[in-house]
Amino acid sequence: MPVLRSLACDPRPRGPCQGASNLGAHVWLFVPQSLDKKKEKRPGKFSLSRVPSPESSTPLEPLSGPPHRRRRRRRRPRELKRKERRMEPEVLEAELVLPTYFSFKKVQVYEKYPKGQSSAKRFKHLKQIIQAENFQNYPPDEPNYVNIESPPSMHPSKRICDITGYEAPYHDPRTKLRYANAGVFKVIRSLPNEYVQRYLALRNAAVVLSSRKLGFNGIVIRLLWNGKGRKMGSFGKLAKRALETEMPVMVQIQEVIRGAKNAMSLAQGVVYWQPPKDALDKVKELVWEPSISRYGADEGMPELREALVKKLQRENKLFKSSVVVTSGANQAFVDLVLTLCDAGDSVVMFAPYYFNAYMSFQMTGVTDILVGPGDPKTLYPDADWLEKTLSEIKPVPKLVTVVNPGNPSGTYIPESLLKRISDLCEQAGAWLVVDNTYEYFMYDGLKHTCIEGNHIVNIFSFSKAYGMMGWRVGYIAYPSEVEGFAAQLLKVQDNIPICASIISQHLALYSLEAGPEWVTERVKTLIKNREIVVDALAPLGEGAVKGGEGAIYLWAKLPDKFIHDFDVVRWLAHKHGVVTIPGSACGCPGNLRISFGGLVESDCRAAAERLKRGLEELVSDGMVQ
């Protein structure tokens, strides 16, 4: 039987109307049930087969050479024939008849083949079907067409769908696909990244087609998931755990910034100041010390840990906690997830959540992530929902985590509510992990507090308070009385950083000598920045802006019709030169996170003016290009 072989691993863009496959658990492929190349001129009967998902399988690397030249050959190369005979036993096949003649193809002859290439002799299009998120609810005999992919082309991409011939104005930047149907486009944009990653594994297949053998009666598509003896495509080697982890939003934002001209950032959570000058001067003198270039104790320098224990007792009222120094608060959180959770455990977060914490669960195999609601007005974690969840879910969720003050919302959880959450966790037998990165960033007379218990672990950081973002120093305050906690935590620590950077630990120690007053003086300068950004968000209307009691963030709700907030972020960056974070990265589409800590007042005012102009245009006219 003649074969159209799909080799699905080439990541290069493939043409004007690229399609998709494998967004769900299975791939639906359409191939002919039977062929009669001499007599049959009509499409045959249709049948539908389900092909196993290739998530754990090995795609092939694409064949070399321009595809359009391969199709001009009347005969297949002998080498290719030999390879096909060797691959035949490993081929998995799904069958469904596809018609090979489309009346509307005539209107595209000039568009697709401007140099006069004939489209009558060879059928050039690989069909791949993308299913909607609820594809299993569709009748099996009524497949849901969304988009169809074209093969590689030497000609520039056009805004025309290769199959329908209609204009496809809607562009999905995640997959570089174009859609003609607005409803379908909205569905695709709402799909989580893990679904998109599955699609990317099969995108842009290279096509080998012998029109002499196929005639024009139909196409047989065969996907080779794992060809023995052939070089495996790199995508097939990647762990499912990593593939299903969200793409870091800051990586995506950095790409947006690079693509925009002179954009000002209200996106990343940073502060504008550097570490204390005296501390930096002392560190300069240590550069040539031999100990700086050697490994240190896994748990951190003894003198630094001693200073941190005193700080915890004096400032945070934590008297029963021991310390492990880490390479930043993010690494501290990963340490704790690996120490406290097993793959398959359930955990609890509250929306809007900190995106890196969500990713830490995903990449460590903790996929049962229960996201609780926040109060619509205050964004406080819903303790009633937590009480119900901890009592009804069996087995009990292993861990509950909050950030206080909040990232991304800037909301401060009152001490009474934090204690209630702690009591619920203790009664249920769940760990409570509290991220106190922004302990010094409190406004309007509020004061930060910590809580302590044998089920509570606190995380702290030097990054924001002392302007040490790039030096990467944080620390874990864990309960000293819990037997075996330190030993298990050090196993993880030794296999990730071994120890935090020695010179960074020295800088942290010297920065502590400046005292908390050094930090609070600089935090006071952010109050004006917050006022400036709040004014810039005024076009969104009353009640749209929340948070900001602590940390360096404000949380703003976009008008209801702008649920695809990443599109708004890109538009603001390219049209108005200001960058923010989309709320969808934090589990709440249709919102923006705005950071006011990274710019001095004059620069913050300039960025806020751009933001205000952009939001005024967004509300009145939409995203005008």
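Which residue stands opposite I581 in β21? Select I581 and look across to β21, where R593 is the residue that stands opposite.

Before going further, note that this is a predicted model, in which local features need pLDDT of at least 70 and side-chain atom pairs count only at pLDDT 80 or more, while totals for chains, interfaces and linings use all residues. Residues are numbered from 1 along each chain as its sequence is written, and side-chain values use heavy atoms, with hydrogens and water left out.

**The sheet**

Show β20 together with β21 (residues 591-595), which run antiparallel and are joined by 2 bridges; strands are DSSP runs of E with at least two residues, helices are runs of H or I with at least four, and both are numbered from the N terminus. Two strands pair if DSSP finds at least two bridges between them.

**The aromatic rings**

A search of the whole structure finds 15 aromatic pairs, where rings of Phe, Tyr and Trp (its six-membered ring) pair if their centres lie within 6.5 Å, and planes under 30 degrees apart count as stacked, over 60 as edge-to-face and the rest as tilted. Select F350 and W385, an edge-to-face pair at 5.8 Å centre to centre with 75 degrees between the planes. This pair links distant parts of the chain, since F350 is in strand β11 (residues 346-350) and W385 in helix α13 (residues 383-392), 35 residues apart. F350 counts as buried because its relative accessibility is 7%, whereas W385, at 24%, counts as partly exposed; buried means under 20% relative accessible area, exposed over 50%, and partly exposed in between, with a 1.4 Å probe and protein chains only.

Next select Y478 and F485, a stacked pair at 5.2 Å centre to centre with 5 degrees between the planes, and both of these residues are buried. Then select Y272, W273, Y438, F441 and Y553, which ring pairs link into a cluster.
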